[in-house]
Structures are given as C-alpha cells and as structure tokens.
Amino acid sequence: MTYYLQARLTFTCDNSEMNTDEAFDVFVDAVQEQLDIIEGLDEGFIDPDITVGIRDRWVEFLIGINAGSLDDAIRIFLPNLRCALHAAGCGTAGWPTFKPTTQTPEVHKAEVSV
C-alpha cells in the first residue's frame, strides 16, 4: 500500500552571512535533489515534493511510501528524510548550514488524490 506522508520542519541558521533567503532557497533545492536521488534508488519512495516558506524558513515534505502499514511507512519516511537533509549539509558539524528547530516532526497521513 502507498502511504502519502507529510511533515513540516522549520530551520534556523547560526551563520549570519548564510542566513539569507537566497541561501535558504539553494539549501532547499539541494534537499529536493537528494530526495530525487533517493527516489531513483528505491522504488518504494515515491514522488517526493516540497513546499517552502522562504522567509519563515520552513519546508513541508510530502512523500509517498510503499509499506505494509502506516507505522512501517513512517519508519521509512523519517530516516530517508534525515538522509536527504544530511546529504544537503543540514546538521553537519562545522558547515555553516541551516539546522532544523523541529526536533521531532509530526508525521501524518496526507489527504491526496492520485
């Protein structure tokens, strides 16, 4: 079964030179690129999409996950999202990047029509 899950994360950047709308947009593009790479590697990871609030520094992720249950889908969703964020430089020690202020995002089933 395919579960469409979504989660919203907010971010902060402790480097004032990098804390610009343009830099956040570049970061978000890098996260989307990493999600697309994961999609290409795992047929159970479907159509990752993001919605962004540039000025407020939030990103909402919507990803389809093939899994046997909602709990299994969440277990697949979260580490893959974390992987994409890390690959884009988020939370990597010593890198002047954006860091999530949301430590445990609320993941819930999205109402989508396919």
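Reader: What's the mean pLDDT of the chain?
Author: The mean is 89, and 91% of the residues reach 70 or more. pLDDT is the predictor's confidence in each residue, from 0 to 100. This is a predicted model, where local features need pLDDT of at least 70 and side-chain atom pairs 80 or more, while totals for chains, interfaces and linings use all residues. Residues are numbered from 1 along each chain as its sequence is written, and side-chain values use heavy atoms, leaving out hydrogens and water.

Reader: Where is confidence lowest in the chain, and where highest?
Author: Lowest in strand S4 (residues 98-100), at a mean of 69, and highest in strand S3 (residues 58-66), at 97. Helices (H or I, at least four residues) and strands (E, at least two) are DSSP runs, numbered from the N terminus.

Reader: OK, new topic. Ala73: buried or exposed?
Author: Buried, because its relative accessible area is 0%. Buried means under 20%, exposed over 50%, and partly exposed in between (1.4 Å probe, protein chains only).

Reader: And which helix is Ala73 in?
Author: Ala73 sits in helix H2 (residues 70-87).

Reader: How far is Ala73 from Thr2?
Author: Their C-alpha atoms are separated by 8.3 Å, with the two residues 71 apart along the chain.

Reader: What about Glu22, where does that sit?
Author: Glu22 is in helix H1. Glu22 counts as exposed because its relative accessible area is 59%.
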